[in-house]
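Have the structure open as you read.

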Amino acid sequence: MTQERYAVLSLELHMFFGRIMMEHMLFLEARLMPTNSELPQTAKWYKEQFESVLQNAVMLGGGIVGTEVMSSGEMVTAYTLKSEELTEYFANIGINHDITMMQEKLSGTENPSVTTALISQVSQLNAAVAQLLNRAVELKHQIFLDLQECKVFIADYPLLVRNMINEATDYIKRLTALENGNEYYDAQDVLLFWNQGVLEHVVSYRSMFDPTEKEMIAIADGFIQRYSSLMRETRMMNDMLKPHILAAALKEVIDYRDFSETVAKKVAYCEVQCAMFPLMADHSLREVNYFARLLKKQLDIANHFSQQ
């Protein structure tokens, strides 16, 4: 991997995962009970640190990151800004909307002009993020353990806290791979990790819909069955680079993405009864968009090798 590629992929990673991590901390800050007053304050501190990571990546990444990434909907969606504004209002927690508006205006390129100075800045950012991530994972893990022992209470499911830990760990894994000169997009790893993530999200969605939302609950139930089956099949497969396997997985992701976008839109415009922060729905949609792009990348690779 060239140094230029290292810089581009690092910035793309931070622009996606930096926002995800920032929102994890926002959700913890909002949903941890005030009895444990130090935990919401600690989550707020980490939220601000990841906001800084995201802002730095956005400022460095203009005209550098790829066109496909910028158009994938993994950075921001049509609902991100509105979802932020509503969540800020409901939770009374500050969110830096300037970063979102900056990210909305970014353009991608297939021919980035990567300077030595930029590579150095990216390397410094990566080192700082690695340290921050390790500490953030420790905090999430401690909250998860305390939930098991009834030492803390959070207005959320422990499953979602575990999901936060897993996603932060995946961020560390991919950042470490880049530092070692490896793009690290293993098809089986992508499928197993993000299929599990989709399943956990849709299970959570289903439980957050008001009981009167029978149609949305029925659709969610269908995806739970499909992804539960897909997880069982994925674990039994040995060769994940077969194009027909990846094509089937991509179709499932695209179907779920359509549902996820419907949820994000309905929550943002108060068209569905639920117990879900608007930003949580948009957060999930961006993750599905990211997964879809990774799967398409793997499918293109698999098709290329199958034709040789």
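Helix α11 holds both Lys296 and Asp300, which sit 4 residues apart, or about one turn of the helix. Their side chains meet in a salt bridge, with 3.3 Å from N to O. Keep in mind that you're looking at a predicted model.

**How open is that pair?**
- Lys296 has a relative accessibility of 39%, so it counts as partly exposed, since that label covers the range between 20% and 50%.
- Asp300 is partly exposed too, with a relative accessible area of 40%.

**Other salt bridges**
- Searching the whole structure turns up 18 salt bridges.
- Glu23 pairs up with Arg286, and their closest N and O atoms are 2.7 Å apart.
- That pair ties together distant parts of the chain: Glu23 is in helix α1 and Arg286 is in helix α11, 263 residues apart.
- Glu23 and Arg286 are both buried.
- Lys151 and Glu149 form a salt bridge as well, with 3.0 Å between the closest N and O atoms, and both of these residues are exposed.
- Asp170, Lys173, Arg174 and Asp189 are joined in a network of salt bridges.

**A look at His14**
- You'll find His14 in helix α1, which spans residues 3-31.
- Is His14 buried or exposed? Its relative accessible area is 0%, so it's buried, as anything under 20% gets that label.
- Leaving out residues up to four places away in sequence, His14 touches several others, including Val53, Leu54, Leu125, Asn126 and Tyr171.

How values were computed:
Residues numbered from 1 in each chain as written. Predicted model: local features only at pLDDT ≥ 70, side-chain atom pairs only at ≥ 80, totals over all residues. Heavy atoms only, no water. Helix = DSSP H or I, 4+ residues; strand = E, 2+ residues; numbered from the N terminus. Buried < 20%, exposed > 50% of the residue type's maximum accessible area, 1.4 Å probe, protein only. Contact = heavy atoms within 4.5 Å. Salt bridge = Lys/Arg side-chain N within 4 Å of Asp/Glu carboxyl O.
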